[in-house]
Amino acid sequence: MGDSELVVNGRATALASVPEDERLLDTLRWRLGLRGTKEGCRSGDCGACVVLVDGRSTLSCLTLTHELPGASVTTIESISEDPVGRVVQDAFVAEGAVQCGYCTPGFVVALTGLLKELPPSAPLPELLDEMQGNLCRCTGYGSIVRAIVRAREATR
Amino acid sequence: MIRSDLLAKASGATEFGTDLAEPEMLWAALVLAPIAHGRIRRVDLSKARAMPGVHAVVGAEETARLLGPGAGDPERPLFPSTEVRYRGQPLAAVAASSLAEARAAARAVQMEFDPLPIAGDLEEVVAEWPGSEAGSDPRMIAHVRASNGDLGEEFRLAEFVHAETYRTNGVAQVALEPHACVAKVDVGRWFVRTSTQTPFGIREDASSILGVPEASLVVEGSWVGGGFGGKTAALVEPYALLLSAATGRWVRLSLSYTEEFVLGRSTLPAVVRLESAVRAGRVTARRVRLLLDTGASLPGRDFATGYAIGFLLGPYRSDAFDIEGYAVRTNKPPFGPHRAPFAPQCSFVADSHMDSIARRLGVDPVAFRLAHVWRAGDVTPLGQAVGPFGLAECLEKAGALLAIWRRELPTADGFGLGVGCGYWSTNAGAGGEALLRLSPNELTIDQGEREIGSGSVVRGLVAVAERVLKIPSDAVRVGYSDTSRAPFDSGVFGSRTVGALGQAVEKAARRLATELGRRLGTSDPATLARDDDQLVAISGAVRRPVRELLTSEELRAGGLEFPGQHAAPPGRIDDSRVGAGTFYPYTDFTGAAHVALVHVDRATGAVRVLRYAAFHDAGVVIDPATFRAQVEGGVAMGLGSALTEETLWGPDGRLLNPSLLDYRIPTLGEVPPIEVHAVPGHPGAGPFGAKGLGEPPIIPVPAAVANAVADATGARVREMPLTPERVARTLNLLASGGTGRG
Amino acid sequence: MGFTLVAPDQPKEACALLARSAPGEISVLAGGTDVLPDVEAGRVRPSRLLSLRRLPWRTLGWNGGSLTIGSTLPLREIEADPGVRERIPGLAQAVHAVGSLALRHRATLGGNLGRAAPTSDLLPILLTLDAVVNLVGVDASRSVPVDQFVVASRSTTLRPGELIASITIPEARPSQYVWQRVRPSNDISQVGVAAARASRPPYWRIALGGVVPRSIRLEGAERLLPAVRPLVSELEAAAALAARLAPFATDKRASEAYRRQLVGILVRRAVASISPPIVPPVGVA
């Protein structure tokens, strides 16, 4: 992997074909056809577009693709290939923490990144605090909190 | 029981409106008016047309040419040609090879206006209550009034009159998915695939706006990333269709989130004046005055004022009343329906008022409400008989829980408890149909609604079929097709999917059960079970595979089909009580009482909701998991309306906070655990006695929170949302001996 | 939109590029979380963005009690540093107050200062820590106290061709950052108050965000506080003075009057959380 490409879901993507002013969100959705990553506010305030960049949750609407040479990007489409991602996805389904589903990819990806970023000893309130950047308008968060608790238990 | 749509959604595989794409499609952008009111001198599209990548730029003139003279709805032109009525009103639209090119061209459109005076703030537009001349005042687009009993006598006999003025602010739906569609016009066939709550509604609306016969217009719904009332009227669709007609290409139009806030049809501010005559511990008469900002809504199209105003009397008896409201036209975008349109605001006003009277009388607020609340057999102020209604029981249970929480309340300063009540009714819409098709291994419910998230379609309709036929839920599939093929249905709004379309499913399922019973040679209806991957029909001791019960013709056609229809019998109000405008009867009566435990920081005015419980009469609960999910979601949305959400309008008609940073919906950090309780035993008009539940959970929330704040501090905040600054201001007034008492 | 991206790997080269460009033609891109929304909304229309990603500034280093943070280090790594959490808690709190986790994975301290965001949650705490901004230019490097660096909203004393290389906090101090918002989570603060206790006089540093034209130190209030634990009356006097002197304005987030009401409360809370005030025994004035 060199500076001329980034790796999306394990596949190398040449940067040469991407305009320099393009956001990662648009590269994913319209160049690579990975429209599981959702476009919400496009200003970094809703979390619907969160992907992992080298394992860290990242707002793809506020990130230029060309700022990520050599980086590894994980989107919702490949999250189930990650053992933690699989657990998180299953937890959201099992707890019914999904209604319209538009915020769900962002939640699943962000929680996957968070569970891997924090030590297993991190207290639940810290997890909940760090999930405040993802907005959901349908569920009222009750089922989402239950999914977070379930995923945390399953990954400890 | 896991909903069939969840895994795909949690995998990013579900295609929403914003995800729609077609080969070689063009990208569209709207040109929005930069002023709120003015005469149009010039909208010059020539420079935009010369921009790179541009395929079409259409304004008022081109629209007339494309659609033919006189086409469309003259009251609702796609682009105004003479006058701008709100900031953000579309004046032209662009289609280009890329979104960046479309937006650049939209910016290149040159516009000139003669500014006209801007009607901005509601209370500046109508500084005094309108007099008799209001009927001819062009600023008043609707006037409603109803009354009953001898108001003057009751006010004369009153021990005191409790008079208050409340204010409410605009709230936006904030579905996370903005409006988006793709459209293609092909020799006489106008096709649009769009994220909507109402595919048939969009067909009707777009047909009228474009002047295209409904028979030539086909609407296909995509998965919907949240609706909440915002996706019930045509918005992006006519523009995308028009641009496709101009270019012959697929056109995609998706609003930016800023545009979503401006054009998304939200609720607007209101002022309510209440006067209650109180005698012997009872409210005996009420006078209510409402001014509702309806923005640039059209005269005769205001549904909100007449529907909403009924809720201002609350679910409470009084012998005499006089209620009057005006819809006021301002230079804001037109008013739109937001989950239980204006009912949370009405509940905030009506139930804060009841709470305030109880405190003035020094009696328990719950007991005071129980002495007034409607019960089955009562008559509403507008003369409709109240059907089965469990609000009194919800209130009793809420009161009992409140007493327990009160005992556990920390002794430190600033904690308080409040109750809020709300009621609602299922809106049956224009009816609906479903078609059930039984194949040897699957039951399909063919219908015309798309799932918007609540589960009412993918889970609610399945649950109805399950109840009739005892069929395992994973053997039931909900089918959807576009408006050219699907059975007609009004759409997902008014808490009606299970309540109304569910009845169509129930009827079809019962017919199917009877027919299967007949084919089994019994007189009883059959049920269905699964044996390996085959369905078997059972009646008593008789049991046969479905495959053996179908004719060869039915097998060839895909199964045994039964349609079901539903049209709700409208309730009746007493027309003699209506003085002006339209008041609406209810289909059934659903009620809820909520309890909130809050902490108020007296120094900053910040309110935190720490515990919350909701008691709902939803009739017969068809699916407990969906019930819980709906209540949790509705309460959270209500907490936003109660505490942080409001659209802020500048004097120039500009929306000052069109972003998810400055328009603050609750995050995970603002929503406490919510206890959810069903109060059964009061059947509604839906299948098996179900009542609609999409809207009711949001209704009592602002009242419950405001009443808890009053309990915690003694201060009555009479404007929602209860932001820290508003609460602090009320507390300051109270401390300085002013008028903040609750 | 419609810009090119340039990402030099030498600071001098970056400065030279910047120096050669006309104003408005080029914007500096650190984490991008503030500049990209501005570009998207058309508030700025640069033809080029100067990316700092290849510059060697993603660093954090302690030198005794002094901390130097590279300008392009993501905020998340500052608050995650155990030394920062333990020794400069107010800095960790202020950094944590910025946006969401995903935002802090990209946003940087240099970006926040360089953009001079009017509502910064970071400037007040940096003021109380006497932070120094280390700049590199085409010809020379210099260091500027943060107090003299940010002039007003969106305005700094950066000279043409200069970039922020790092920020130095000369002394780890017991510190606290408190704020008030309409929505507690993920909102812009209506008022933010930072307090820190220094080892030398003046012993207390108190700074304020949510004021115009930019965050300020409240030196008058600081002087009313003694070296160690203040008396309740001293703290009240300091808070009251802060409320009287703060240059607030009304905007869509809060009125001037409400901000004024908040500042006294927040000053009391920030100082008290570092050093609980002494309640005099009954009968003592």
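Biologist: How many residues of domain 1 of chain C are in contact with domain 2 of chain C?
Modeller: 14 residues of domain 1 touch 20 residues of domain 2 in chain C, where contact means that the C-beta atoms, placed from the backbone, lie within 7 Å. Keep in mind that this is a predicted model: local features need pLDDT of at least 70, side-chain atom pairs count only at pLDDT 80 or more, and totals for chains, interfaces and linings use all residues. Residues are numbered from 1 along each chain as its sequence is written, while chains are lettered from A and ligands numbered from 1 in the order in which they are written.
Biologist: OK, and which helix gives the most to that side of domain 1 of chain C?
Modeller: Helix α1 of chain C, residues 11-20, with seven residues. Helices here are DSSP runs (H or I, at least four residues), strands are E runs of at least two, and both are numbered from the N terminus.
Biologist: How do the residues of that side divide into nonpolar, polar and charged?
Modeller: Nine are nonpolar, three polar and two charged. Ala, Val, Leu, Ile, Met, Phe, Trp, Tyr, Cys and Pro count as nonpolar, Asp, Glu, Lys and Arg as charged, and the others, Gly among them, as polar.
Biologist: Switching to chain B, what domains is it divided into?
Modeller: Domain 1 (17-117 + 173-263), domain 2 (270-426 + 574-735) and domain 3 (432-566), with bounds from an automatic or database domain assignment.
Biologist: How many Å apart are the C-alpha centres of domains 1 and 3 there?
Modeller: In chain B those centres lie 38 Å apart. Still, 16 residues of domain 1 are in contact with 14 of domain 3.

Technical notes:
Contact = placed C-beta atoms within 7 Å.
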